[in-house]
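Here is a short report on one predicted model. Look at the structure first, then read on.

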Amino acid sequence: METNTQTTNTLPATVVAAKETFELACKEAQGLQIVNNFGAAFTAVNVVSLLRKALTQEVMETVFMPLMNTKIGFLTDRNGRPNSRGEVKPLYSVEVVRDAVIDAVAIGLLPTGNQFNIIAERMYPTKEGYTALLRKLGVKYFIDVSYDKSQTQGFAEIPCKITYQYNGEKNGFSIVATVKKDNYSSPDQLRGKAERRAKKALYEYITGCDFGDADEDSSRIVDAEAEEIKEQANTGATIGVGAQQEAAPQPQQAQQPAPAQPQPAPVQATAGRGRSNAKSDKLPGF
Amino acid sequence: MELKVIGSSSEGNAYVLRNEGETLLLEAGISFKKVLPAFDYDVSKVQGVLITHEHGDHAGHIGEVLKYGLPVYATAGTIEGARRYMERTDFEPTALQGNREQGYQAITLGGFRVIPFPTQHDANEPVGFYVWHQETGGILFATDTFYVKNRFAGLSNILIECNYDQERLEANLIAGKIDAARYRRVRHSHLSYTTCLQLLKANDLTAVNNIVLIHTSRDNGDAKAFREGIAKATGKTTTVAVPGLLLNFNKSPF
C-alpha cells in the first residue's frame, strides 16, 4: 500500500486523477455482464466514457505507452524488430493503443499481465486474458491438450478436450485447435496456442461472445462439414415416383431433380446386358 | 420383394433386392461368388447392377459382375474411377445420363425404376439411388455421403448409411486411434448418426416399413445405439444391416 502511494505520488496530479477514473471504469467493467443483461449497453457506454476521459494524451504517454511490448504490459506485432519480410514498422500510435486498452478493459481485461495483444491495430485476448475472463465468470474447467495430429507442414492440429462446471452445470466438449506452425515452433509453443484456442472456445461457448483471432485464417475453428451440412442438406429437389405413376409406371414420368435442360431418352435395361453391354459407341438409347 | 444383405461395411458392400422374377443388385464390393447364392446362381433374373461410386468396397468386384454379362450402371465418373477393377473384361458398364448439377436421367430396369441423385463423398461422381418397384414402393438407397441434398417422396423402405457418432469419432481422435486426416475424411465423406436422423426427419416417413442402417463403422459407430435411437426418433422398424440379413421389403408390411 505504501509502495503504491509512493509510486502514485511520483505521478502528476492529472495522472493521479485519471487513475481514479480509470479504476472506476475497471470496476464498472468487472461488474459488466455482457450476457443476459439488457442494461449492459448502458453500463458499457459508461465504462467507455470513463475510459476516454481517463486516457488522456498525457496519461497514455506516461502510463500505458511504456507498457507496450513488455511482458508485464501487453505485446504487439510492432515491436521495433524487422518482420519476416525484413520491414520494420513504426510502433503503434497513442490512438491505436488507447482504443485497444478501452476494448480490453471494457470486456474485463487489465492492461497488465499480458492479458491482450495488439495485432494489426486490434486488441485480442491472450491465453492469460481468457484465463482471467473465465475466472471472472466463475467457470471451473479442465483442458486436456493433446499433441499435434497434423501431417501438414504449415499447420498443427491439436485436439483439446474441455470439461467444465458453470452455474452448477457440468459439461464437456472437444475441439481440434488449428494453429500455424513453422520449423521453429516447439511442441510446447503449439500446445500453448492450442490451450488459448480451447479457453477461447470455452468462453465463446458459455457467453456467446467471440473476440476474434489475430490470425483468423489459421486459428479460427471452421467446422466446414457442419456448415455445409447445415446449409445444403435436405434442401434440394424432391425425388420420387408419384401415386398416379405407380399404377402404370412410365420412365419418362420419373421426377427428375431440377432438370434444367432437356434430358436424353431413358436407358432401357437391355442397354447394358450381354453383347449390348460390350464396349461400343452405338449403345441403344444413347 | 426381399432385401438380402451380402455385405455392409468398409470391407465390402452388396445388397440384393429380389422377388421370384426379378433381381436388382446394389453395389459390387463383394466377391461375386459370395453374391451368387443370393440369386440361387440364376443371373438371368438380374435386371441390373447399380454402383454408387468407384471405391473398392463398392465397385471392387465390378469386373467379375461384368464378366457374367450383367448390365451395370454407374455415373461416367464412377466408371472412369473403377477402370482398375475392369481390366480383365471386355464388357463396359453403362453410364448414367445427366450430371450432378442438373440431375440424372431415370432408368427402367425391368420392373425397377431408378432415379440417381448426387451424394457427397470423396469420389469422382458419387450417387445414391431412389429405386421404385410396384411391390416395394419407393426405396431410398444412400450410402457414403456426408449429407444428401435431395428429399424423397413416396418412400416405403430406406437403406441409409449411419456411419459414425461425432463424439466417438472425436474421442478416437483424441485417444490417437485415428489421425487428423482420417478424422477429417470421415466427416467429409460419411453420414453421421445426427445427419442421418436429420435426413430421415426431413422426409415423409408415414408409409415407411423399414429403415435399414448400412455401412456402420465398427470403431466410430455404435450399431445398437444407432438402431435404438433411430427407431425411437422415427417410430419405424429399424434394422442394422449385417451380412445374411433378410428382410421383407414390400410396401405393405404384411
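Helix α6(A) passes helix α7(A) in a left-handed crossing. Left-handed here means that the near helix is turned anticlockwise from the far one by less than a right angle. α6 covers residues 127–137 of chain A and α7 covers residues 187–207 of chain A. Their axes lie 9 Å apart, at an angle of about 35°. Axes are lines fitted to C-alpha atoms over the stretch in contact, and angles run from 0 to 180 degrees between N-to-C directions. Helices (H or I, at least four residues) and strands (E, at least two) are DSSP runs, numbered from the N terminus.

Which residues of α6(A) and α7(A) make the contact? From α6(A) come A:Lys127, A:Tyr130, A:Thr131, A:Leu133, A:Leu134 and A:Leu137. From α7(A) come A:Gly192, A:Glu195, A:Arg196, A:Lys199, A:Lys200, A:Leu202, A:Tyr203, A:Ile206 and A:Thr207. Contact means heavy atoms within 4.5 Å. By class, the residues of this contact are 7 nonpolar, 3 polar and 5 charged.

The model is predicted: local features need pLDDT of at least 70, side-chain atom pairs need pLDDT 80 or more, and totals for chains, interfaces and linings use all residues. Residues are numbered from 1 along each chain as its sequence is written, chains are lettered from A and ligands numbered from 1 in the order written, and side-chain values use heavy atoms, without hydrogens and water.

**Chain A overall**

Chain A holds 10 helices and 7 strands. Of its 286 residues, 40% count as buried. Buried means under 20% relative accessible area, exposed over 50%, and partly exposed in between (1.4 Å probe, protein chains only). The accessible surface of chain A is about 16200 Å², and 52% of that belongs to carbon and sulfur atoms. Among contacts in chain A with a separation of 6 or more, 51% join residues 24 or more positions apart.

**Positive phi**

Most residues other than glycine have a negative phi.

| Residue | Phi | Relative accessibility |
|---|---|---|
| A:Asn234 | about 60° | 13% |
| B:His215 | about 55° | 3% |

A:Asn234 sits in the loop between α9 (224–232) and β7 (238–240) of chain A. B:His215 sits in the loop between β15 (210–214) and α8 (223–234) of chain B.

**B:His190**

B:His215 is also one of the contacts of B:His190. Others include B:His121, B:Asp144, B:Phe146 and B:Tyr164, leaving aside neighbours within four places in sequence. B:His190 belongs to the loop between α6 (180–187) and α7 (193–201) of chain B. Is B:His190 buried or exposed? B:His190 is buried, at a relative accessible area of 6%. Its side chain joins that of B:Glu161 in a polar contact of 2.5 Å. A polar contact is a pair of N or O atoms within 3.5 Å; within protein, one must be able to donate a hydrogen and the other to accept it, and residues adjacent in sequence count only if both atoms are side-chain atoms.

A:Arg98 is in helix α5 (residues 94–106) of chain A. A:Arg98 counts as buried at 15% relative accessibility. The A:Arg98 side chain reaches the backbone oxygen of A:Leu55 at 2.8 Å. A:Thr178 is in strand β6 (residues 169–180) of chain A, and is partly exposed at 21%. The C-alpha atoms of A:Thr178 and A:Glu157 are separated by 4.6 Å.

Conventions: Areas by Shrake-Rupley, 256 points an atom, 1.4 Å probe, with all protein chains shown as cover. Nonpolar A, V, L, I, M, F, W, Y, C, P; charged D, E, K, R; others polar.
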